[in-house]
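Please read them with the model open.

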Amino acid sequence: MKNNADVIRDIRKENSHYLKLYRDYLVQQGLKENKIELNLETLELYLNCYLCYYPPCPMVEGIDKVDYFFNSWYIKKAWFLTERDIHSKSNTIKKFYYWMMKKGLVDQDQYTKLAETIKRNKRKWLKSIKRYHQKLEAEALQLGFEAGDEDASYDEIMIDGLDF
């Protein structure tokens with residue numbers, strides 16, 4: 001039986017293969033290099049960080065894990081996330097899995113469920129970001145920091161009790 005490190009290595013190797021193919025597809029579609037890189041960064045985060053979190057999960061099985069990613073995990077890991085990020089990054093993931101469906105790597109039912117989840121839950125994710133930012137702001141104010149406080153160091157602003 002493989003240990004977690006071996007499983008993660010195998011998953012990332014497979015992900016790398018499909019991300020290279022997807023990159024080629026995006027180039028063929030005429031996307032500019034900076035847009036391609038933004039798409040791949042989002043997919044790297046989703047596929048190689050989030051889905052390789054405990055327990056590791058291959059990308060095909062990860063198609064149904066997008067809700068927790070945007071509603072909790074990503075917000076806590078990228079506390080600077082904006083509403084615009086949610087829109088663009090969820091669209092990136094949706095387009096990637098659409099491409100995977102067209103390649104026959106995920107079922108149409110799986111893709112349809114993903115698209116419906118994104119459409120149905122996007123407002124919830126946006127509210128979660130807003131609540132999380134309000135919580136951060138309240139904690140910072142409680143510690144005596146205000147937005148734009150250039151004299152505060154990063155370590156001083158880290159908030160106790162928040163799971164980053």
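1. At what angle do the axes of H1 and H4 cross, and within what distance do they come? The axes cross at roughly 95 degrees and come within 11 Å. That makes H1 roughly perpendicular to H4 (angles under 35 degrees count as roughly parallel, over 145 as roughly antiparallel, 65 to 115 as roughly perpendicular and the rest as oblique). Axes are lines fitted to C-alpha atoms, for helices over the stretch in contact, and angles run from 0 to 180 degrees between N-to-C directions. Helices are DSSP runs of H or I with at least four residues, numbered from the N terminus.

2. This is a predicted model, in which local features need pLDDT of at least 70 and side-chain atom pairs count only at pLDDT 80 or more, while totals for chains, interfaces and linings use all residues. Residues are numbered from 1 along each chain as its sequence is written, and side-chain values use heavy atoms, with hydrogens and water left out.

3. In the H1–H4 contact (heavy atoms within 4.5 Å), H1 supplies Tyr18, Leu19, Leu21, Tyr22 and Tyr25, and H4 supplies Thr92, Lys95, Phe96 and Trp99. By class there are 7 nonpolar, 1 polar and 1 charged residues (Ala, Val, Leu, Ile, Met, Phe, Trp, Tyr, Cys and Pro count as nonpolar, Asp, Glu, Lys and Arg as charged, and the others, Gly among them, as polar).

4. H3 (residues 66–77) packs on H5 (residues 108–142) at about 25 degrees, with the axes 8 Å apart. The two helices are therefore roughly parallel to each other. On the H3 side the contact includes Val66, Phe70 and Ile75, and on the H5 side Leu114, Ile118, Trp125 and Tyr132 are among the residues involved. The contact residues divide into 8 nonpolar, 4 polar and 3 charged.

5. H3 also packs on H4, at an angle of about 150 degrees with the axes 11 Å apart. H3 and H4 are therefore roughly antiparallel to each other. Val66, Phe69, Phe70 and Tyr74 of H3 meet Ile86, Lys89, Ser90 and Ile93 of H4. This contact has 6 nonpolar residues, 1 polar and 1 charged.

6. The second largest pocket holds about 340 Å³ of space. Its lining has 16 residues, and those closest to the centre are Lys35, Leu38, Asn39, Ser88 and Thr92. Helices H1 (4–28), H2 (33–50) and H4 (83–102) each give two or more residues to the lining, and H4 gives the largest share, 7 residues. By class, the lining has 5 nonpolar, 7 polar and 4 charged residues. A pocket is an open set of points on a 1 Å grid over the protein atoms alone, where a 1.4 Å probe fits, with protein on both sides within 12 Å along at least five of seven lines; lining residues have an atom within 4 Å of a point.

Definitions and conventions: Grid points are joined across faces, edges and corners, and a volume is the space filled by probe spheres set on the points.
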